[in-house]
Amino acid sequence: MIKPLADRIVVKPAEAEQKTSSGLFIPDNAKEKPMQGKVVAVGPGRKNDKGEVVAMEVKVGDVVLYGKYSGTEVTVDGENFLIVKESDVIATL
Amino acid sequence: MIKPLADRIVVKPAEAEQKTSSGLFIPDNAKEKPMQGKVVAVGPGRKNDKGEVVAMEVKVGDVVLYGKYSGTEVTVDGENFLIVKESDVIATL
Amino acid sequence: MIKPLADRIVVKPAEAEQKTSSGLFIPDNAKEKPMQGKVVAVGPGRKNDKGEVVAMEVKVGDVVLYGKYSGTEVTVDGENFLIVKESDVIATL
Amino acid sequence: MIKPLADRIVVKPAEAEQKTSSGLFIPDNAKEKPMQGKVVAVGPGRKNDKGEVVAMEVKVGDVVLYGKYSGTEVTVDGENFLIVKESDVIATL
Amino acid sequence: MIKPLADRIVVKPAEAEQKTSSGLFIPDNAKEKPMQGKVVAVGPGRKNDKGEVVAMEVKVGDVVLYGKYSGTEVTVDGENFLIVKESDVIATL
Amino acid sequence: MIKPLADRIVVKPAEAEQKTSSGLFIPDNAKEKPMQGKVVAVGPGRKNDKGEVVAMEVKVGDVVLYGKYSGTEVTVDGENFLIVKESDVIATL
Amino acid sequence: MIKPLADRIVVKPAEAEQKTSSGLFIPDNAKEKPMQGKVVAVGPGRKNDKGEVVAMEVKVGDVVLYGKYSGTEVTVDGENFLIVKESDVIATL
């Protein structure tokens, strides 16, 4: 399994079909449009300047909104995931 | 419901009609023009370097002014919202 | 009334006519030229990294100089105001 | 042997063949695509502003994902290695 | 009178004639060339992150050198002044 | 002799011939390629915000790898040296 | 005399002739080439965020190397000087 470092989280992005049929979807104007997905793994948290770990707000199972161009895509056993920093998470649902 | 993370807030933008008929509206010159809306949800506050939460100034129900190009739009059950950082809020009315 | 957030202030800009007839006016060379106005509202002050409020230097009634391109214009009941950060205020008169 | 300084690590990149036959591989769309490799050496950790060493999360033997354009390549006795900063490591497997 | 905010100072620039006849003048090569003037007002000093005022080094009456493109020009009762940050002052004479 | 300031070090770059015949050499692809050399002098260390000196990791006699475009070249008595910051040193051998 | 502010120093640049005949001169390749000169005045030191002065490493009489494009030239009584920040001084000889 993927273990994200520091303040990164692993997200299973929602399917495109699922998004248009659900209550939340992305509007059609020019502003940055967030994506949504389910958190499947959470890093231990970033270390501050003293080397102390700062606890994460997001937890496994949360449905999160994040910027369209955030993060890094990886594929494990044919399944796509996205690794984003917690600071790129806009909100939970 | 949308729960914003850190120092983000969820705003219900004022209707365009309502803005021109009300006392406050946007002047027509070249400067950046703020928008207004009502705060419907408030994040817990950003964490400082020590990991301590810094309390929010803005609260649910406040009418806020924010930059025209601030934030991220989301739609829940056909209703538009904007998620902005508290630092993008210029003033309350 | 407009309540500015953090270290922002609300300024009533001086009329253009009033500026040329008064003692202080703007010279005609290529350097950045400041504008002047009267402070009508003052925010509580920015929060430092610990979340403590840092007190403002400027107070209501001060006549301030600020950069020509600073701030955000708003109109309330047909009257124009400018919202600037205290750090954009160059001097008081 | 190469001893990385501060918060750098030495990685033995995975072979390209090995990557396509394994469970994890890199998807074909436009997002930044991470690479993987095995950690063969770890620096002592960065020093914070007080001069204290902040311990490393990654350890020798970890399989790490890192950005495609991260780090500096070196060759020792005909063998290629990559030296990256720990902050460029996205996740371990 | 002009009261500069934070770590700003008000300078009365030296006349161009006075500069070429005095001991100190500006050389003719391509490097940035400093200007000189007399300090007529000094701000209270910048506030550090804790909100404590950091005392100024420059005082009223000092003759200062500053970068050619530093500061903001203002005119009071027909007299030109320059408002610069103390960090833009290179030296005193 | 050259005494480097703060966290700078003086390096005697390895000869180009010596590099291709030794075990370590620079690969031929597009990534940034490090150079190697021997440390002949080490500064006292940078001062942190409190003015305390932060001790150096590198010491005289170390063979170091550094970025191809790092540092400043100087020539003393016909001999070439390179002065680099310790943070530009990638690893020791 | 010129009194540099904060962490600035006043340097009397070495003559061009003197440089080519002395042991140290500037090599002819494309890298940034340092200049040398003698320190004739030293500022009190920069103030840290607390307002405490951080002592200078360089002292009057030191022969210093500095970047070719560092600092500001001034002329006093027909004599050229250079004012540079201590952080632009690479080494002493």
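Contact, in these legends, means heavy atoms within 4.5 Å.

The model is predicted, so local features need pLDDT of at least 70 and side-chain atom pairs count only at pLDDT 80 or more, while totals for chains, interfaces and linings use all residues. Residues are numbered from 1 along each chain as its sequence is written, chains are lettered from A and ligands numbered from 1 in the order in which they are written, and side-chain values use heavy atoms, with hydrogens and water left out.

**View 1. Chain B superposed on chain C.** A rotation of 51° with 0.1 Å of shift along its axis places chain B on chain C with an RMSD of 0.0 Å, the superposition being by least squares on the C-alpha atoms of residues with pLDDT of at least 70 in both copies. Only 12% of the interface residues of chain B are also interface residues in chain C, so the copies meet through different surfaces.

**View 2. The interface of chain B and chain C.** The contact takes 25 residues from chain B and 27 residues from chain C. Between them the two chains bury about 2000 Å², of which 52% lies on carbon and sulfur atoms; buried area is the accessible area (1.4 Å probe) that two parts lose on being put together, summed over both.

**View 3. The salt bridge between R46(B) and D49(C).** One salt bridge is found across the interface of chain B and chain C, a salt bridge being a side-chain nitrogen of Lys or Arg within 4 Å of a carboxyl oxygen of Asp or Glu. This salt bridge joins R46(B) to D49(C), with the closest N and O atoms 3.9 Å apart. On the side of chain B that touches chain C, strand 3 (24-25) and strand 8 (89-92) of chain B each supply at least two residues, and the largest share, four residues, comes from strand 8 of chain B.

**View 4. The fold of chain A.** Chain A has one helix and eight strands, which are DSSP runs numbered from the N terminus (helices H or I, at least four residues; strands E, at least two). Along the sequence, the pattern of chain A reads β-β-α-β-β-β-β-β-β.

View 5. T75(A), which is found in strand 6 (residues 72-76) of chain A, is buried, with a relative accessible area of 3%; buried means under 20%, exposed over 50% and partly exposed in between (1.4 Å probe, protein chains only). The side chains of T75(A) and N80(A) are joined by a polar contact of 2.9 Å, a term for a pair of N or O atoms within 3.5 Å, where within protein one must be able to donate a hydrogen and the other to accept it, and residues adjacent in sequence count only if both atoms are side-chain atoms.
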